[in-house]
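Here is a note on the structure shown below, written for someone meeting it for the first time. The points may be read in any order.

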Amino acid sequence: MFIVNYIKDVFNALKSLAIGLRRTLFYFTHHKEIITEQYPDNRATLHLADRFKGEVVMPHDENNEHRCTGCTACELACPNGTIKVVTKFDMTPEGKKKKAIDKLVYHLELCTMCNLCITACPSDAIKMAQTFEHSVYDRSQLTKVLNKEGSKIMEGVE
Amino acid sequence: MWSFSNIADIIHEWLNKTFNATLATLFEMVIAGVCVIGLFAVLGLILVIMERKVAAWIQIRLGPNRVGPKGMMQSMADTLKLLVKEAMTPDGADKFLFNLAPYIAMMVAMLLMAPIAFASNFMMWNLNIGVLYVSAISSVSVISILMAGWASNNKYSLLGAMRSGAQIVSYELSAGLAILSIVVLSGTLNLNEIVLSQADGWWIFKGHIPVIISFIIFIIAVTAETNRAPFDLAEAESELTAGFHTEYSGMKFALFFLAEYVNVFIVCAIGATLFLGGWMPFHIGHWEGFNHIMDFIPSSLWFFGKTFFLIFLIMWFRWTFPRLRIDQLLNLEWKYLLPIGMFNLLLVTAIAILGWYF
C-alpha cells in the first residue's frame, strides 16, 4: 500500500529526527560532558587520554640502568627509519663478549607515533611518553639519544 | 508603567507640538530607520555569539571564551575585524551587480521589519495585509543571492546561487500554506489582529493537531528559506567553499552574514506571531486571575522570549541534522511538505468553518 508506506515514512522520519534532537539537547544541557582542555592555562592539571602518544623514551632506574639488550627489534619494526641502534660488545667478567647498546638514536622528526617499536620490544626497554611540547629552534635538536650517558643494562635482562 | 508604546506616544506628541505635521512625520521616519539599524546591529552581535555558544555546547566544546567575560565580546571583536578588512571586488566580476547584491539582501531584511508587532501597540506599520506583505517581500531575497552568485564570475558562487534559487522558490509554497492555515483560523491578514485573536490562547494550543502540523511545516520551510543547515546547500562550506558569497570580503561579506541572521530573527518573529501569540502573554481561556498575573510580564519580553525560543530551535536543528542533497531537498518539498500542507490546510478550513477550535 503506497499511502501506508508514505505515512510510515513521515512518522519514522520525525521519530529519528526527534532522537537526534534529544541527544544534542542532552549535550547542550550537560556541561559536565565538555571535554575541552584550556591548554596553556592548565598545564599543571592537564588530563591526557591514556592512549595519547607523544614520543619514545627509555626509562632508567635510579642506578642509571636500562633494560635495552640491543637486539635491534625496534629498528627492524620501524616503518620509516626513525630508530637507529648502534651496538658495541662488552666484556663480561668471565671473559665472554656480550652485545650491548652504545647509542639508541631516535629521530623525533621522522616518528609517526605508530607504537610498532614498543610492541616489537621483547624486554620492555622503551615506552611512549605523553609529552607533546616538542618545538625547537633547530632541526638537529630533534635527533635524540635515548640511553643516558654512562648507563648500562639492568641485571638479569637478557 | 513604561512600555514601548508609551515612549513612542510621548515622542510622537512632542514632535507634533514642536514641528509641523510634515516635519514631524519626516523625523519619525528617520528615528524609525535609526532604530531598525540599531536593532540590526544588536541582533547581529547577539545572534552570532548565541550561535557559537549553542554550537559549542551541543558539540561538547566550550566555544569562544577569551574576549571579555565568558567570551561574550567575541562578536564585537569579529565585527571590528570585518570593519577594517578590505572589501575587494574581483577583476572579472560584474562590478555594479556585485556591489549592489549585499545592499539588496539588507534592504529585504529591513523591509520585513515594518509590519512586525514588537509589543502591544508598537509596530512600525499597522498594515492590513501584513502576512501577504511579509511573504511577498521575503521572496525578493532570492534575487540578491542570484545576483551575488552571477556577478561574482565564479563557478562555485553560481552553483550555490542556482541551488538557493530552486530551494527558496519551492519552499516558499509550503511556508505560505502553513501561514494560510492561521489566516483561515483568525480570518485576518493583519499581524496585529492575528495577535489579538490569540487573547484566549495561542493558535498552537487552540487549533489542535492540524495547527501543530502546520507549525512543523512552517519551521522546516523557513529553515530552508533562510538557507540554514540542514538546508544550507547554497553555502555548503564543505562542497562550494561558501556558495554565493565566496568572492565577498570585509563589510560586504558582513552585510550578507548580518542579513542571514536578521532573516532568521524575522522568520522566527513571524512564526512567534502566528503560532505562539506574538506579544500576547500566555492566556488560558477565561481564567481571569491567571491571565491577569501573566499580563504583569511586559509584552515586549513575551515577544522576544518566544522569538528567541524559535531561534534556538532553528540553531538546534542546524547543529543536529546533516545536510540534504539537492534531490532529497526537492523530494522533501514536493513529495512530502507540499501535499501534507495542502491536505492540512483543507483540514484547518473544515475546523474553522465548523468552529471546532477553542
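1. The model is a predicted one. A:Asp124 has a positive phi of about 55°, although A:Asp124 is not a glycine. Is A:Asp124 buried or exposed? A:Asp124 counts as exposed, because 11 C-beta neighbours lie inside 10 Å and the cut-off for exposed is 12 or fewer.

2. A second residue of this kind is A:Asn115, which is not a glycine and yet has a positive phi of about 75°. A:Asn115 belongs to the loop between E4 and helix H3 (116-120) of chain A. There are 14 C-beta neighbours inside 10 Å of A:Asn115, so this residue counts as partly exposed. As background, most residues other than glycine have a negative phi.

3. Chain A is divided into domain 1 (2-34) and domain 2 (55-153). How far apart do the C-alpha centres of domain 1 and domain 2 of chain A lie? The separation of these centres is 53 Å.

4. Chain A holds an open sheet of three strands, in the order E3-E4-E6, with antiparallel pairing. Strand E3 (83-91) and strand E6 (143-145) of chain A are the edge strands, each pairing on one side only. From one strand to the next the twist averages 25°. In general, strands of a sheet pair through backbone hydrogen bonds, either parallel or antiparallel.

5. How many bridges join E3(A) to strand E4 (residues 97-107) of chain A? There are nine, and the two strands run antiparallel. Several partners can be located in the view. A:Phe89 has A:Lys99 in E4(A) as its bridge partner, A:Thr87 stands opposite A:Ile101 in E4(A), and A:Ile83 stands opposite A:Tyr106 in E4(A). The hairpin of E3(A) and E4(A) has five residues between the strands, and A:Gly95 in this hairpin takes a positive phi near 85°.

6. On the E6 side, three bridges join E4(A) to E6(A), and these strands are also antiparallel. A:Tyr106 stands opposite A:Lys144 in E6(A). The contact between the chains takes twelve residues from chain A and ten residues from chain B. By class, the side of chain A that touches chain B has seven nonpolar, four polar and one charged residues.

7. In chain B, helix H12 (residues 250-275) has 26 residues. From its first C-alpha to its last, H12(B) reaches 38 Å, close to the 38 Å expected at 1.5 Å a residue. Why is H12(B) described as largely enclosed by the rest of the structure? The reason is burial: 22 of the 26 residues of H12(B) are buried, where buried requires 20 or more other C-beta atoms within 10 Å. Just after H12(B), B:Gly277 takes a positive phi of about 85°.

8. Helix H7 (residues 155-186) of chain B has 32 residues. Its first and last C-alpha atoms are 46 Å apart, close to the 46 Å expected at 1.5 Å a residue. H7(B) is followed by B:Gly187, whose phi is positive, near 70°.

9. The C-alpha atoms of B:Leu39 and B:Ile168 are separated by 26 Å, and the two residues are 129 residues apart along the chain. B:Ala32 also has its place in helix H2 of chain B, and with 15 C-beta neighbours inside 10 Å it counts as partly exposed. B:Ala32 and B:Met50 are 18 residues apart in sequence and 26 Å apart in space, C-alpha to C-alpha.

How values were computed. Residues numbered from 1 in each chain as written. Chains lettered and ligands numbered in written order. Predicted model: local features only at pLDDT ≥ 70, side-chain atom pairs only at ≥ 80, totals over all residues. Helix = DSSP H or I, 4+ residues; strand = E, 2+ residues; numbered from the N terminus. Expected span 1.5 Å × (residues − 1). Contact = placed C-beta atoms within 7 Å. Nonpolar A, V, L, I, M, F, W, Y, C, P; charged D, E, K, R; others polar. Domains from an automatic or database assignment. Pairing = 2+ DSSP bridges. Axes fitted to C-alpha atoms, helices over the stretch in contact; angles between N-to-C directions.
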